[in-house]
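I opened my notebook to record, entry by entry, what I looked up in this structure.

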Amino acid sequence: MNDALTISGLKKTYPDFVLDSISFSVPSGSIVGLIGENGAGKSTTISAALGLVQKESGSVSVLGKEELDNEIREQIGVVFDGNNFPENPSPRKISHVMRDIYRSWNDQTFLELLKKFSVPADKSVKQFSKGMKMKLAIAVALSHNSKLLILDEATSGLDPVVRDDILDLLLDFVQDEDHSILLSSHITSDLEKIADYIVFLHGGKVVFSKPKDELVEQYGIIKCGAAQFDALDKSDLIVYRKMDYEWQALVANRNKMQKKYPNALVVPASIDEIMLLYVKGEAA
């Protein structure tokens, strides 16, 4: 099995939005970052992949199966943004409930993760901060022998120290190449740190699905004045945008462009900048 998750031609129509033929995969042993502005379709894609909303067309294969039966659901750990649990029970009591839900539930793993995350086992969830609730949700997702983690904005609203702890844990999770992660996030710096691939959604469509290293090591932005911009071969550009005092143009190979345009300023492009140029720029 080469892919932990394969989404092909996924379509879902709402009155004011269409998820239009979404296709991408999560290779086994990898972390795939799902990016896009609010309303781009990230959460809808995840919900459709998990069978939480009914798709109109397309196919979803999870861990080699298109049918999300109980055996497959046992192997998927899911964390949504916000509180995933009732407010009154403590994590220890939640653990007792999880034993009845997951045949593979591991109390010891769960309690060890709580300790690692500094989450008190016997306080009620309503006393927890947002960060503690998120760490609790991730601990649950990692305590029933999950092979695929699907995290929707799981690091949003967390302080940098907590985020860093969680990112390190996610990196550890995929080390054996039998575990995989789909991580939707607005915090693209997190994805630059841990993702192997980036899938960019915009307006309900996949703009690109590329290896992260290709984006951060090869892509670049040409920054120049009007006269220089007019002289550029537009076939070299992906998208471009006029700013107050300069033009910015996204290119796929910044080293090649620097040699071709030695008088132009060609700088590395962050994932944030790539996304912004695609959303606000014009196609070349």
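This is a predicted model: local features need pLDDT of at least 70, side-chain atom pairs count only at pLDDT 80 or more; totals for chains, interfaces and linings use all residues.

**Entry 1: helix α1**

I began with helix α1 (residues 42–49) and found that seven of its eight residues are buried, so α1 is largely enclosed by the rest of the structure. I listed the buried residues of α1 as Lys 42, Thr 44, Thr 45, Ile 46, Ser 47, Ala 48 and Ala 49.

From this helix I picked out Ser 47, which lies in α1 and counts as buried because its relative accessibility is 16%, where the cut-off for buried is under 20%. When I left aside the neighbours within four places in sequence, I found Ser 47 in contact with Leu 52 and Val 53. I also noted what follows α1, namely Gly 51, whose phi is positive and near 75°.

**Entry 2: the chain as a whole**

I then stepped back and looked up the totals for the chain. It has 284 residues, of which 49% count as buried, and it contains 11 helices and 14 strands. Along its principal axes the C-alpha trace spans about 70 × 40 × 35 Å. The chain exposes about 13,600 Å², and carbon and sulfur atoms supply 47% of that area. Among the contacts with a separation of 6 or more, 70% are accounted for by residues 24 or more positions apart.

Val 32 is in strand β3 (residues 31–35), and it counts as buried because its relative accessibility is 0%. I also looked up a distance for Val 32: its C-alpha atom is separated by 21 Å from that of Glu 74, which is 42 residues apart from it along the chain.

Leu 183 is in strand β7 (residues 180–184) and is buried, with a relative accessible area of 0%. Leaving aside the neighbours within four places in sequence, I found Leu 183 in contact with Val 32, Gly 33, Leu 34, Leu 151, Leu 170, Leu 191 and Ile 194. Leu 183 and Ile 198 are 15 residues apart in sequence, and I noted 9.6 Å between their C-alpha atoms.

**Entry 3: helix α3 and its two faces**

In helix α3 (residues 91–101) I found Pro 91, Ile 94, Ser 95 and Met 98 buried. These four cover an arc of only 105° around the axis, which means that they sit on the same side of α3. What do the buried residues of α3 pack against? They pack against α4 (107–116) and α5 (130–141). On the face turned away from the buried side of α3, I found the exposed residues Lys 93 and Asp 100.

The largest pocket holds about 410 Å³. It is lined by 18 residues, and the closest to its centre are Arg 73, Ile 76, Gly 77, Val 78 and Tyr 102. I found that α2 (70–74), β5 (76–80), α3 and α5 each supply at least two residues of this lining, and that β5 gives the most, with four. By class, the lining of the largest pocket has 12 nonpolar, four polar and two charged residues.

The second largest pocket has a volume of about 160 Å³. Its lining includes Ala 48, Ala 49 and Gly 51, as well as Arg 73. I counted this lining by class as six nonpolar, two polar and three charged residues.

Asn 145 is in the loop between α5 and β6 (148–152), while Glu 153 is in the loop between β6 and α6 (160–173). Is each of them buried or exposed? Asn 145 counts as exposed at 52% relative accessibility, whereas Glu 153 counts as buried at 7%.

Terms used: Residues are numbered from 1 along each chain as its sequence is written. Side-chain values use heavy atoms; hydrogens and water are left out. Buried means under 20% relative accessible area, exposed over 50%, partly exposed in between (1.4 Å probe, protein chains only). The arc is that of the directions from the helix axis to the C-beta atoms. Contact means heavy atoms within 4.5 Å. On a 1 Å grid over the protein atoms alone, a cavity is a set of points where a 1.4 Å probe fits but cannot get out, and a pocket is an open set with protein on both sides within 12 Å along at least five of seven lines; lining residues have an atom within 4 Å of a point. Grid points are joined across faces, edges and corners, and a volume is the space filled by probe spheres set on the points. Ala, Val, Leu, Ile, Met, Phe, Trp, Tyr, Cys and Pro count as nonpolar, Asp, Glu, Lys and Arg as charged, and the others, Gly among them, as polar. Accessible areas come from the Shrake-Rupley method with a 1.4 Å probe; for residues, only the protein chains shown count as cover.
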